[in-house]
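Here is a short briefing to read with the model open beside you. Take it topic by topic and find each spot as you go.

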Amino acid sequence: MIDALGNMIAAACILSIYSFLYSENKAFRLVEHLFVGIAAGHVVVTTIYTLRSSLWIPLTRGNTVLVIPFILGLMVYFIFSKKHSYIYRLPMALVIGIGTGLSLRAAAHAQLAVQIATTMLPLVKTPFNALDTFNNILIVILVIATVTYFFFHWEQRGPLGVSSKIGRYAMMAAFGASFANTVMGRFAVFVGQMDFLLSTEGVYVIPIALVALIIATYYARSKKDQNRERQ
Amino acid sequence: MSMLSRFQKMNPKVLYLLVLVVVGLPLIRPINLPIGVSRYTELFHSQVESLKPGDVVLVSLCFASAKAPEFYPQMVAALQHLIMKKASMVFVCWLPEVTPFTGRLFTDLSFDKRGLKYGTDYVDFGLIAGTATAMAAFARDVHKTAPADVRGTLVGDLPLMAKVKMATDFHLLMSFISIYTEDFIGQVQTPYKLPLVTGTDGVSFAGTLPYLASGQIRGILNSMVGTAEYEKLLKMPGKGTSYMDAQQLSHVLIITLIVLGNIALASTRALERSRRTKE
């Protein structure tokens with residue numbers, strides 16, 4: 001019973017959000033605000049649970065070292081004090097420092113060194129495979145051409161101009177593929193929502209939503225006509 | 001007004017209605033269009049297939065909850081395979097919004113009815129806050145970073161976790177990820193050279209491909225199509241398969257509209273040009 005009610009509420013929310021495609025309306029705005037409120041509430045509850053499992057329980061079982069990050073965490077709240085706001089800078093500096101260090105390590109190795117090594121390919125694949133050889137040549141040429149597109153020191157004329165043009169086409173092809181995947185992803189989300197509406201108790205909400213849409217359209221039309229008559 | 005210019009000025013609401021019909025009808029009455037299997041999905045499948053009973057898999061969740069229609073069927077298909085392989089699973093969420101999905105998975109896949117014991121066969125750590133920093137710390141020392149699970153049980157009291165002290169104790173990393181992909185690869189996979197398979201959404205798929213070429217990722221499930229392909233490999237049709245008719249027909253509609261739109265634009269321009277030359 002509770003599940004059915006939940007499904008019907010979810011269906012009403014989905015239809016209210018999609019009603020934006022017809023026009024901006026109060027049902028859409030209500031659900032939008034509901035979503036923001038519920039998401040904020042969920043983050044608060046999850047944070048409390050996380051504090052319980054990663055701080056409170058180990059602390060009460062004798063892991064006293066955790067007092068240090070706990071105090072550092074509390075220090076962040078000094079941002080709300082005009083007089084002592086400088087105190088929050090210490091934990092923030094630590095967070096930024098550690099974050100930057102870790103990101104640099106990851107970027108230098110996982111994203112730069114390994115990726116560069118991957119593009120260093122044999123132009124002729126052994127044992128010979130025509131498709132792999134073609135792929136390797138294509139990868140090498142397009143990587144070099146794309147990098148030359150970002151040479152801004154020299155005017156892009158002559159061989160550099162040709163290379164950067166090839167690079168531009170390579171990027172356009174990549175963006176096209178990426179955009180096509182984005183379209184596919186968006187449709188997948190829509191198909192998922194449609195399936196939810198059609199395969200759960202949410203299906204009973206559809207006629208109600210249709211009636212509401214017809215009434216709203218009729219009301220908007222008659223209001224428009226009234227305004228026209230007044231003018 | 002000519003047919004072409006009328007097409008160009010078509011009310012977008014007509015297009016929305018067309019999309020609604022094209023997506024809705026195959027969901028009500030499936031037409032079972034054929035589905036192929038891509039190399040990316042085959043690679044993902046073969047990685048899971050190579051697991052031995054008792055191997056420990058880190059199942060990591062890191063995506064926006066709005067992407068659930070893409071990720072949830074992927075997780076259902078992949079976890080069914082893990083259960084079939086009798087692998088042990090450690091669940092970790094890197095974002096607060098994905099935490100409800102683990103509980104839903106345990107219920108929908110009937111973990112209890114299948115005889116999977118919490119603490120022995122699977123463990124859920126819930127949210128580990130801090131993204132890149134948390135990922136790095138978790139990979140270095142699981143017990144220190146996650147001292148208790150989502151139920152409040154101390155990590156030392158969980159029999160499965162006696163086998164897992166750090167990232168290298170996992171036999172496979174399985175990540176359902178749309179954001180912080182670079183962080184997960186940079187902090188967990190690459191430093192410890194672990195096999196990683198990922199489920200991605202359509203938007204991030206193209207950005208994930210270079211990591212497949214470099215071997216940092218060993219297999220990818222791409223959005224809904226990846227799920228359908230995986231279900232085909234498992235011979236267990238599920239949500240992914242049932243969605244594919246609607247997905248494929250919607251793509252046909254989009255391609256048709258793009259082609260027609262371009263023909264209409266080119267024809268209108270040609271007509272205008274010829275009118276100007278006549279004048």
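Chain B of this predicted model has 11 helices and 6 strands. Helices here are DSSP runs of H or I with at least four residues, strands are runs of E with at least two, and both are numbered from the N terminus. Residues are numbered from 1 along each chain as its sequence is written, while chains are lettered from A and ligands numbered from 1 in the order in which they are written. Since this is a predicted model, local features need pLDDT of at least 70 and side-chain atom pairs count only at pLDDT 80 or more, totals for chains, interfaces and linings use all residues, and side-chain values use heavy atoms, with hydrogens and water left out.

**Chain B as a whole**

- Taken along the principal axes, the C-alpha atoms of chain B fill a box of roughly 85 × 40 × 30 Å.
- Chain B has 279 residues, and 54% of them count as buried. Buried means under 20% relative accessible area, exposed means over 50%, and partly exposed is in between, with a 1.4 Å probe and protein chains only.
- Look at contacts (heavy atoms within 4.5 Å) in chain B between residues at least 6 apart in sequence: 72% of these join residues at least 24 apart.

**Two crossing helices in chain A**

- Two packed helices are described by the angle between their axes and the distance between the axes.
- In chain A, the axes of helix H5 (residues 130-149) and helix H6 (residues 158-199) come within 7 Å and cross at roughly 105°. That angle makes H5(A) roughly perpendicular to H6(A).
- A few rules sit behind those words: axes are lines fitted to C-alpha atoms, for helices over the stretch in contact, and angles run from 0 to 180 degrees between N-to-C directions. Under 35 degrees is roughly parallel, over 145 is roughly antiparallel, 65 to 115 is roughly perpendicular and the rest is oblique.
- On the H5(A) side, the residues making the contact include A:Ile144, A:Ala145 and A:Thr148, and on the H6(A) side they include A:Ser163 and A:Arg168.
- The residues of this contact divide into 8 nonpolar, 5 polar and 1 charged. Ala, Val, Leu, Ile, Met, Phe, Trp, Tyr, Cys and Pro count as nonpolar, Asp, Glu, Lys and Arg as charged, and the others, Gly among them, as polar.
- A:Ser163 lies in helix H6 of chain A and is buried, at 16% relative accessible area. Leaving aside neighbours within four places in sequence, A:Ser163 is in contact with A:Ile144, A:Ala145 and A:Thr148.
- A:Arg168 is also found in helix H6 of chain A, but at 37% relative accessibility A:Arg168 counts as partly exposed. From A:Arg168 to A:Val76 is 92 residues in sequence and 46 Å in space, C-alpha to C-alpha.

- The peptide bond from A:Thr126 to A:Pro127 is cis, with omega near -10°. You'll find A:Pro127 in the loop between helix H4 (89-119) and H5 of chain A.
- B:Thr131 isn't a glycine, yet its phi is positive, at about 35°. B:Thr131 is found in helix H6 (residues 131-140) of chain B.
- B:Ser223 isn't a glycine either, and has a positive phi of about 50°. B:Ser223 is in helix H10 (residues 223-234) of chain B and is buried, with a relative accessible area of 0%.

**Helix H9 of chain B**

- In helix H9 (residues 202-213) of chain B, the buried residues are B:Gly202, B:Ser204, B:Phe205, B:Thr208, B:Tyr211 and B:Leu212.
- Those residues cover an arc of only 115° around the axis, so they are on the same side of H9(B). The arc is that of the directions from the helix axis to the C-beta atoms.
- After H9(B) comes B:Gly215, with a positive phi near 85°.

**Strand E2 of chain B**

- B:Ser88 is found in strand E2 (residues 88-93) of chain B and is buried, at 5% relative accessible area.
- B:Ser88 and B:His171 are 83 residues apart along the chain, and their C-alpha atoms are separated by 9.8 Å.
- Not counting residues up to four places away in sequence, B:Ser88 touches several residues, including B:Gly54, B:Asp55, B:Thr120 and B:Lys163.

**Cysteines**

- How many disulfides does the structure hold over all chains? There are 0, where a disulfide is a pair of cysteine sulfur atoms within 2.5 Å.
- B:Cys93 is buried, with a relative accessible area of 0%. The closest cysteine sulfur to that of B:Cys93 is in B:Cys62, 9.3 Å away, so it is too far for a bond.
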